[in-house]
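Hi,

Here is the structure I promised to pass on. Have a look at it first, and then read my notes below.

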Amino acid sequence: MASKQVLAVAPAPAPPPPPPPARAAATEHMVGDSNGWALEFDYATWAAARQFMVGDTLVFKYKSPDHTVVEVGGADFAACNKTANAKEWSSGEDRVALDKEGRRWFFCGVGNHCLRNMKLKIAVHCSVWYMFMEMGISFRMSFI
Ligand SMILES: [Cu+2]
């Protein structure tokens, strides 16, 4: 007669705690959220509430050809000046890789849309920068 065997199953060891969730590694930022890329939207406030990290992507969504996305430098951004060598996207769902740290400036190249607030400037940082910011450590970029 076969004896019953009872195998004691040890509970699986608890997995190690995950590292602190700094933030999802790569984020797609839908510019303007459900508003998309449009006239008379406050993109400055939209951008201020977000962290733009190296590796993220901006997605500009709009009805082509009503708008475009132009990338210029800071001075041309302030003047709504579309330079001859400016990068311009016009697909209606433009994906812009944030592949390095630094500032980026975008506006709509159609008509006077830039003057009508259709402009976005962002600062892209690495995850370490945001980590320090969250720790409350401020640092000065000047050499004074
Ligand atoms: Cu436009």
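What follows covers the sheet and then the core.

This is a predicted model, so local features need pLDDT of at least 70 and side-chain atom pairs count only at pLDDT 80 or more, while totals for chains, interfaces and linings use all residues. Residues are numbered from 1 along each chain as its sequence is written.

Strands here are DSSP runs of at least two residues, numbered from the N terminus, and two strands pair if DSSP finds at least two bridges between them. Three strands form an open sheet in the order E1-E3-E6, with mixed pairing. E1 and E6 are at the edges with a single partner strand each, so one side of each has no neighbour in the sheet. From one strand to the next, the twist averages 25° (axes are lines fitted to C-alpha atoms, and angles run from 0 to 180 degrees between N-to-C directions).

E1 (residues 28-30) runs parallel to E3 over three bridges; His 29 is bridged to Leu 58 and Met 30 to Val 59. E3 and E6 (residues 93-97) are antiparallel over five bridges, and Lys 61 has Glu 93 as its bridge partner.

Now the core: a set of buried Ala, Val, Leu, Ile, Met, Phe, Trp, Tyr and Cys residues joined through C-beta atoms within 7 Å, where buried means 20 or more other C-beta atoms within 10 Å, with C-beta atoms placed from the backbone. The largest one has 20 residues, and Phe 60, Val 69 and Phe 107 have the most contacts inside it. E4 gives the most, with three residues.

Happy reading!

Note on methods:
Buried ≥ 20, exposed ≤ 12 C-beta atoms within 10 Å, placed from the backbone. Helix = DSSP H or I, 4+ residues; strand = E, 2+ residues; numbered from the N terminus.
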